[in-house]
Protein chains: 2
Amino acid sequence: MPLMTSWVDSANTPETDFPLNNLPYGAFVSDSGEQHCGVAIGDMILDVTALEADGVIAVPDEEEVFFFGDWTEFMALGPAVWAGFRAAVTELLREDYEDPQGLVRYMVPQVGTQMCLPFTVAEYTDFYASFNHASNVGTMFRGPENALPANWLSVPIGYNGRASSVQVSGTDVRRPWGQLKSPDAELPVFAPCKRFDIELEMGAIVGQPSTGPVTVAEADEMIFGYVLLNDWSARDIQAWEYMPLGPFQSKATATTLSPWIIPKAALEPFRCPTPERKRPLLDYLTEPGPMLYDIALEVGLAPEGAPETVISRTNYNTMYYSSAQQLAHHTTSGCPMNVGDLLGSGTISGTEKDQRGALLEITWGGQDPITLDTGETRAFVEDGDTLTLRGHALGDGFRIGFGDCTAKVLPALEDPYKR
Amino acid sequence: MPLMTSWVDSANTPETDFPLNNLPYGAFVSDSGEQHCGVAIGDMILDVTALEADGVIAVPDEEEVFFFGDWTEFMALGPAVWAGFRAAVTELLREDYEDPQGLVRYMVPQVGTQMCLPFTVAEYTDFYASFNHASNVGTMFRGPENALPANWLSVPIGYNGRASSVQVSGTDVRRPWGQLKSPDAELPVFAPCKRFDIELEMGAIVGQPSTGPVTVAEADEMIFGYVLLNDWSARDIQAWEYMPLGPFQSKATATTLSPWIIPKAALEPFRCPTPERKRPLLDYLTEPGPMLYDIALEVGLAPEGAPETVISRTNYNTMYYSSAQQLAHHTTSGCPMNVGDLLGSGTISGTEKDQRGALLEITWGGQDPITLDTGETRAFVEDGDTLTLRGHALGDGFRIGFGDCTAKVLPALEDPYKR
């Protein structure tokens, strides 16, 4: 599929994340101060809430779907409505649309506009689906003999995360306090995290509910779209707390999402299969077709007031399990899934050191710090650092980009109980 | 404190769960088919939604707090409103109330009335806070040398559960399918759970939000009330999936709550301290006063069409960590807590075999089945069994009861993917 051209000139360049082929869904603070739904096109936002209010666009048989500036209600309407709406917006933004001047008043520049979470996160589940990541972290936490858990090649391992800590790109992250125990200490202390880290992930957003087990094909149909996801992780808190029931406070400070939900439809041309199985899967996890996507990913780290260094480059196509497989597994117990459920892919790491999706892996537990372009070194994230995830699928003369998933780290509170 | 008498005669007996001293909050299906808020008194329900609609009772400066038959909005109004409302309802139901005849039309019999979840579960966190339970389960899963994890005496261990699977007492539970691997098999199979189990727990309901770390005293003030909680657990799925990130599908089929939220105010006379520490706690977990409650608990198991056997009797006062300590720990990372968050205490087990809160422990992993009064034996829960949790605090001539937390187990689907 080639670039589809728009009357919005900035959407017609090979560099933009948001050509007409993309049309991702976001939420922003409008001039009136209210939260509106918007669609990104080039360097602009099409104000969907205002378009609906003025009757320029409508979801058939529905009223005020976008009134609250949240895409959750729209998602609940299902794939036929998603397709119809996408076609209608595509029509409005095509190069040969008859009255572009009539739409100019619905265009808001992305620069300087504050973004919001585009949907209401129902529940958040995080997975552990990169073979390289699981092998690396397992080696560090449990030694090379026990690196890959016995279940890993059969089960898309996941755990429930904390939905209340999910926030939109651009929101600062405060270094947490927690229980830490150094290996040579007998007892833990309560102190600010010393090993604060990122996790480069994709997030799949569930757009349709289920009440019983679903197949991988059905799961794929339930997915509305994808975002970039940074699952901030306090490694010292995690190492002390995670036995035997998994990560808890180490992952509850913040999870940052990129502001635009990339529709599954925009990613269709970039589907690719999961890698060859190292062990046959049980039938219920068999994929009926390619369920991963070829999405180039990178992580940038910029110290306070200094330029950024790209510290990792990898691709979503390296994952062992797809989001559709993860969602299918999630329903096996009869667990009800709801509109707005968020599934983190798990950290995405390639085979090489500079393809790893967490500093824990890149610096091998802090033992081998990296040197930034500024000459500074990093074992883990430092106060004042801004971390940015980026991703895009590359088409013929265009790209389907995700927009920046970025956050700055603030120092820990001096006394967390001082009011 | 003695029994407070009511003009509702059934509330004045030592056997009722719901004397005037209790006044718990529930939700039920009214004659009109709508969900209403209600308060239990003796064997009746006072229809609070109808009282508010008719202007008999009101929350100052608020309108239609109870309109949707859900207590979440009320909880959000905070402790002063909770106290004022409780005083107002107490006044209406006192023996010397001036016009009991005028209230008869707001009274609904509990028998035959369908109950609903009384609040919207925001997120669900489950803990692991009984020393006896952790020692028993740890021994079975990891051997006696590694029974109690190194962190257990310092950290109120918890993990995020699945809010979407929380349901009200009286709702059937379907035996789940899942990945199972027997110890002697090389690979797992996908099959119905063979070791389906209960967990006897208390649930604490968070009634006020927080955005940063809170002290144990502040956490206690955030708690609105308590319920009984049965955290259904698929032990064979759990054993295979839980390494390294904790329970996931094994705990996602269902969690059953008793229908009445017992207000913290009703439990005040029954506060008691946590047991002596086996290791000093970090300051942030220190309790400023008694935070547990003396609540006698029991579990009944009734095979299909047969009478019930009480299979366990224990007390909430045996827990090592209180809900207030758990909630304080939950906030250390800065994790935002919301109105409607539900905290499971963790399985409550005493020191003796017949005081254990899960069949896993009672039958020692199924090796030592129990014999029911009917002569049948049980290693784990069987299809058709009805499991009921009960609990009450014992006052001077009255009790503060929780009402039954009950559910029947249905057989697994023959083919979970057949539509």
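## A pairing to start from

In strand E3 of chain A, A:Asp47 is the bridge partner of A:Gly38. That pairing belongs to a set of 4 bridges, which join strand E2 (residues 35-41) of chain A to strand E3 (residues 44-47) of chain A in the antiparallel sense. Before we go on, keep in mind that this is a predicted model.

## The sheet around it

Let's step back to the sheet. In chain A, 5 strands form an open sheet in the order E4-E3-E2-E1-E5, with antiparallel pairing. Which strands stand at the edges? They are strand E4 (107-109) and strand E5 (115-116) of chain A; each has a single partner strand, so one side of each is left without a neighbour in the sheet.

A helix packs on this sheet: helix H3 (residues 79-93) of chain A touches strand E1 (25-29), E2, E3 and E4 of chain A. The direction of helix H3 makes about 65° with that of E1(A).

## A hairpin in chain B

Now hop over to chain B. Here strand E2 (residues 35-41) of chain B and E3(B) run antiparallel and are joined by 4 bridges. Among the partners, B:Ile41 has B:Met44 in E3(B) as its bridge partner. E2(B) and E3(B) form a hairpin with 2 residues between them, and B:Gly42 in the turn has a positive phi of about 55°.

E3(B) is also joined by 3 bridges to strand E4 (residues 107-109) of chain B, again in an antiparallel arrangement. For B:Ile45, the bridge partner in E4(B) is B:Val108.

Where do the side chains go? In a regular strand the side chains alternate between the two faces of the sheet. In strand E3 (residues 44-47) of chain B, B:Met44 and B:Leu46 point one way, while B:Ile45 and B:Asp47 point the other way. Are these residues buried or exposed? All of them are buried.

## A helix tucked inside

Back in chain A, look for helix H8 (residues 323-330). Of its 8 residues, 8 are buried, so the helix is largely enclosed by the rest of the structure. Among these buried residues are A:Ser323, A:Leu327 and A:His330.

What do the buried residues of H8(A) pack against? Their neighbours in chain A are strand E6 (124-127), strand E13 (200-206), helix H5 (216-222), strand E14 (223-231) and strand E22 (342-344).

## Two domains in one chain

Chain A is divided into two parts: domain 1 (9-116) and domain 2 (124-410). The C-alpha centres of domain 1 and domain 2 of chain A lie 28 Å apart. The contact takes 27 residues from domain 1 of chain A and 25 residues from domain 2 of chain A. Between them, these two domains of chain A bury about 2000 Å², with 69% of it on carbon and sulfur atoms.

## Two chains, one axis

Finally, how do the chains relate? The same surface serves both copies, as 100% of the contact residues of chain B recur in chain A.

The size of an interface is often given as the accessible area lost when the parts come together. For chain B and chain A, the buried area is about 5500 Å², of which carbon and sulfur atoms give 60%. Which three residues supply 15% of the area that chain B buries against chain A? They are B:Arg162, B:Leu245 and B:Phe248, more than any other three residues. In this contact, 59 residues of chain B meet 59 residues of chain A.

Definitions and conventions. Residues are numbered from 1 along each chain as its sequence is written. Chains are lettered from A and ligands numbered from 1 in the order in which they are written. This is a predicted model: local features need pLDDT of at least 70, side-chain atom pairs count only at pLDDT 80 or more; totals for chains, interfaces and linings use all residues. Side-chain values use heavy atoms; hydrogens and water are left out. Buried means under 20% relative accessible area, exposed over 50%, partly exposed in between (1.4 Å probe, protein chains only). Contact means heavy atoms within 4.5 Å. Two strands pair if DSSP finds at least two bridges between them. Axes are lines fitted to C-alpha atoms, for helices over the stretch in contact, and angles run from 0 to 180 degrees between N-to-C directions. Domain bounds come from an automatic or database domain assignment. Buried area is the accessible area (1.4 Å probe) that two parts lose on being put together, summed over both.
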